[in-house]
Amino acid sequence: SYWRSLPACYMSLAFALASATAALMHATSVSRQCAVGRASSARLVEAAPPPGFVWATDDGADAGRPAAGGPDWGGDLAAEARIAVRCVQRAMQLCQALACDMRVVDSEASGKEMDECDVTAGVSFIKAGDSTPVTAADFAIQGLISQELGRAFPADRFMGEEDAGDLREDAALRSLALRLSSQYGGEPDEAAFLASVDRGLEPPRGTGERCWVLDPIDGTKGFMTGQNYVVGLALVDGDGEALVGVMGVPAEEEVPPIMAAVRGHGLTWWRAGGDAPVEQEAAPRPAWADGGAAPPWLISPQRAFAECQPFGAAHPPSEVCCGAMIKYFYVAAGRAAGFVQYEEQLKSWDHACGLICVEEAGGSASDCEGGRVAFPGRTFRVEGGVVCCSRWASEEVRRRLLGAATRR
């Protein structure tokens with residue numbers, strides 16, 4: 001053959017070049033897949049404000065906020081907060097492991113929805129009825145965290161977004177989810193794993209018990225398309241008030257990727273590994289708070305801007321994909337002045353940890369009438385929608401956001 005007729009040195013060079021080319025192509029592919037969400041930091045929209053308009057509070061926005069991250073951080077809920085952080089850390093590591101092995105797709109579907117052609121057999125599928133994706137990682141994380149919390153806090157109830165029905169019908173998906181969960185500390189027994197996933201469906205017991213609320217991946221479309229996604233875990237009391245909230249953003253690069261909040265004890269930042277919060281200076285005053293431009297703000301669903309225009313039609317919201325939690329993260333971090341979830345019937349796992357993180361960062365969160373938002377069950381209802389504001393946002397900004405969320 002042609003290859004046999006070449007001198008040995010030429011053959012070696014040809015194979016070396018081919019190997020190098022293949023390695024480069026593989027590295028590029030893996031780099032893109034492992035960097036899920038890294039390219040999704042949206043440019044926040046800024047525009048000229050009305051004359052004399054004040055976007056931000058005074059520099060004393062932190063006045064009265066509890067010092068977070070000290071040895072006594074968390075108070076009576078310190079153990080719960082630290083275990084919640086540990087759960088989210090493991091979940092983030094699991095996501096990154098799967099991201100390095102799965103293909104990243106370019107979905108043309110709008111919003112949080114995807115098409116069936118965008119999924120990978122044995123790795124992901126589209127939920128019947130709402131066209132949103134689910135991956136093996138969603139199930140693996142729910143099983144893993146359900147088991148961890150069951151061991152640590154056996155008296156607490158657990159609520160998760162997923163159920164194991166689809167796993168039981170898909171052997172390949174079930175096998176991958178079980179392998180991922182057990183790889184990061186989950187029970188290797190299949191029956192025990194499926195039961196731990198289904199534990200997330202337990203209804204309220206009527207005893208005033210606490211409940212852990214998990215969204216294993218909020219913004220699964222972002223996970224699959226190389227954009228942002230969040231692992232979110234909250235603890236709520238018997239009245240549905242959030243006590244602890246932890247959000248992990250694997251793709252985050254500007255700040256530590258995990259924020260953790262405890263009611264009355266402030267917000268702390270954590271790395272993807274490690275058992276102590278990051279010691280860092282107070283977040284700087286964001287550029288939008290210095291005036292001269294309209295504040296960046298967020299809305300979900302994005303199409304609701306046609307009805308909800310707090311700063312007028314000339315000041316549209318920024319676009320940050322994917323899911324509601326990443327928008328709470330942006331507000332708590334000061335990247336956006338506020339966020340309006342312009343829907344009245346909502347799911348607890350999409351919002352519980354985000355609200356407490358915004359509040360413990362010094363911001364505010366309520367319905368459009370300024371009323372308390374509680375999470376009594378898998379779903380909850382609010383007047384107008386959920387409205388949250390950064391600690392840097394002025395009262396005028398909050399008033400406009402609340403007013404725009406009011407249904408007329």
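The dialogue below goes from confidence to strands, helices, peptide bonds and single residues.

Me: What should I know before I start?

Reply: This is a predicted model, in which local features need pLDDT of at least 70 and side-chain atom pairs count only at pLDDT 80 or more, while totals for chains, interfaces and linings use all residues. Residues are numbered from 1 along each chain as its sequence is written, and side-chain values use heavy atoms, with hydrogens and water left out.

Me: What is the mean pLDDT of the chain?

Reply: pLDDT is the predictor's confidence in each residue, from 0 to 100. Here the chain mean is 80, and 73% of residues reach 70 or more. Residues 35-53 fall below 50, yet this stretch has 55 contacts (heavy atoms within 4.5 Å) beyond near neighbours in sequence. Residues 59-67 also stay under 50, with 14 contacts beyond four places in sequence. Where pLDDT is low, the predicted coordinates should not be read in detail.

Me: How many helices and strands does the chain have?

Reply: Helices (H or I, at least four residues) and strands (E, at least two) are DSSP runs, numbered from the N terminus. The chain has eleven helices and 14 strands. Of its 408 residues, 54% are buried. Buried means under 20% relative accessible area, exposed over 50%, partly exposed in between (1.4 Å probe, protein chains only).

Me: Which residues lie on each side of strand β9?

Reply: In a regular strand the side chains alternate between the two faces of the sheet. In β9 (residues 297-300), W297 and I299 take one side, L298 and S300 the other, and all are buried.

Me: In which sense do β9 and β10 pair?

Reply: Two strands pair if DSSP finds at least two bridges between them. β9 and β10 (residues 338-341) have four, in the parallel sense. L298 stands opposite F339. The chain passes from β9 through helix α9 (residues 325-332) to β10 in a right-handed β-α-β crossover. Right-handed means that, with the strands pointing away from the viewer, the path from the first strand over the helix to the second runs clockwise.

Me: What span does helix α6 reach?

Reply: The expected span is 1.5 Å times one less than the number of residues. α6 (residues 171-183) has 13 residues and reaches 18 Å from first C-alpha to last, close to the expected 18 Å. Its buried residues include L173, L176 and L180. At its start, a side-chain oxygen of D170 comes within 3.2 Å of the backbone nitrogen of A172. Just after α6, G185 has a positive phi of about 105°.

Me: Is G143 buried or exposed?

Reply: G143 is buried, because its relative accessible area is 0%. G143 sits in helix α4 (residues 136-152). Beyond four places in sequence, G143 contacts S181, F193, S196 and V197. Its C-alpha is 8.4 Å from that of L178, 35 residues away along the chain.

Me: Which side chains make polar contacts with E209?

Reply: A polar contact is a pair of N or O atoms within 3.5 Å; within protein, one must be able to donate a hydrogen and the other to accept it, and residues adjacent in sequence count only if both atoms are side-chain atoms. The E209 side chain meets that of R157 at 2.7 Å and that of T207 at 2.8 Å. E209 counts as buried, at 11% relative accessibility.
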